[in-house]
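Student: I would like to learn how to read a protein model feature by feature. Could we take each idea in general and then look at the case at hand?

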Amino acid sequence: MYTYSAPKQVIVEDKPTGRKGGIEPDLFCIFKGSPFWIEIQRNQYSEQKMQDKINLYEEFFFSDEWRSLHWQPEDRSVIFPSVILITPVRYAVTSDHIRIIQVTSIHELMEKYKSLAKSQKEARTKTAPSSGGIRINLT
């Protein structure tokens, strides 16, 4: 992570619920302005075990306890962190309520979002052939 930007508010082995059996991410941090809970999975787990883990994050989401965590911004709306799964295995986990990002490394995460941001920017800005090179924002 430090290769790209220094994370802030780093908490190793975070236990935001304060109790055993709740979510226990390997790391919490604010990276490039966004909060993340990071799960590093070096061993392969069953799809069900990984979905159970995601379900714990959803339970925490619905508890609203996260809204008062000390790192929440004071000057804007509270935000539930995205969950990054760093794992060599792609799991078929889903959530309708939280953002789950699966990557094999932080480098892959940065490459994925760099190319995504570039394609979104290109989709918003087009140069018409008859415009003499004037860029037109189509959003």
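Student: What share of the 139 residues in the protein is buried?

Tutor: Keep in mind that this is a predicted model, and that a residue counts as buried when its relative accessible area is under 20%. By that cut-off, buried residues make up 34% of the 139 residues in the protein. The accessible surface comes to about 9,000 Å², and 51% of that surface belongs to carbon and sulfur atoms.

Student: Which elements does the chain run through, starting from the N terminus?

Tutor: The protein has 2 helices and 7 strands, and their order from the N terminus on is β-β-β-α-β-β-α-β-β.

Student: How should I read the two faces of a strand, and which residues of β2 lie on each side?

Tutor: In a regular strand the side chains alternate between the two faces of the sheet. In β2, Leu 27, Cys 29 and Phe 31 are on one side, Phe 28 and Ile 30 are on the other, and all of these residues are buried, so that both faces are covered. Counted along the strand, 5 of the 5 residues of β2 are buried.

Student: Which strands pair with β2, and in what sense?

Tutor: β1 and β2 pair in the antiparallel sense over 3 bridges, with Ile 11 standing opposite Phe 28 in β2. On the pairing with β3, which covers residues 34-40, the sense is again antiparallel, and there are 5 bridges; here Phe 31 has Ser 34 in β3 as its bridge partner. β2 and β3 form a hairpin with 2 residues between them, and Lys 32 in the turn has a positive phi of about 55 degrees.

Student: How many salt bridges does the structure hold, and how do I read one?

Tutor: Side chains of opposite charge can pair when their charged atoms come close. The structure holds 5 salt bridges. One of them joins the side chains of Glu 24 and Lys 15, at 3.9 Å from N to O. Glu 24 is partly exposed, with a relative accessible area of 23%, and Lys 15 is also partly exposed, at 39%.

Student: With which other residue does Glu 24 meet in a salt bridge?

Tutor: The side chain of Lys 20 meets Glu 24 in a salt bridge of 3.6 Å, N to O. Lys 20 is exposed, its relative accessible area being 73%. Through shared partners, the salt bridges join Lys 15, Lys 20 and Glu 24 into one network.

Student: What does the salt bridge between Arg 19 and Glu 65 tie together?

Tutor: In this pair the closest N and O atoms are 3.7 Å apart. Arg 19 is partly exposed at 45% relative accessible area, and Glu 65 is partly exposed at 32%.

Student: Is Trp 66 buried or exposed, and what does Trp 66 touch?

Tutor: Trp 66 has its place in the loop between α1 and β4, and with a relative accessible area of 3% it is buried. Not counting residues up to four places away in sequence, Trp 66 touches Phe 60, Phe 61, Gln 72, Val 78, Ile 79 and Phe 80. Trp 66 and Val 78 are 12 residues apart in sequence, and their C-alpha atoms are 8.7 Å apart in space.

Student: Where does Gln 72 lie, and which residues is Gln 72 in contact with?

Tutor: Gln 72 is also in the loop between α1 and β4, and at 8% relative accessibility Gln 72 counts as buried. Leaving aside neighbours within four places in sequence, Gln 72 is in contact with Trp 66, Arg 67, Val 78 and Ile 79. A polar atom of the Gln 72 side chain lies 3.0 Å from the backbone oxygen of Ile 79.

Student: Which residues make the nonpolar surface patch?

Tutor: Tyr 2, Val 10 and Val 12 make a nonpolar surface patch of about 340 Å². Tyr 2 lies in the segment before β1 and is exposed, with a relative accessible area of 63%.

Methods: Residues numbered from 1 in each chain as written. Predicted model: local features only at pLDDT ≥ 70, side-chain atom pairs only at ≥ 80, totals over all residues. Heavy atoms only, no water. Salt bridge = Lys/Arg side-chain N within 4 Å of Asp/Glu carboxyl O. Buried < 20%, exposed > 50% of the residue type's maximum accessible area, 1.4 Å probe, protein only. Patch = residues over 30% accessible without salt bridge, like charges linked within 9 Å, V, L, I, M, F, W, Y side chains within 5 Å. Areas by Shrake-Rupley, 256 points an atom, 1.4 Å probe, with all protein chains shown as cover. Helix = DSSP H or I, 4+ residues; strand = E, 2+ residues; numbered from the N terminus. Polar contact = N/O pair within 3.5 Å; in protein donor to acceptor, adjacent residues only side chain to side chain. Contact = heavy atoms within 4.5 Å. Pairing = 2+ DSSP bridges.
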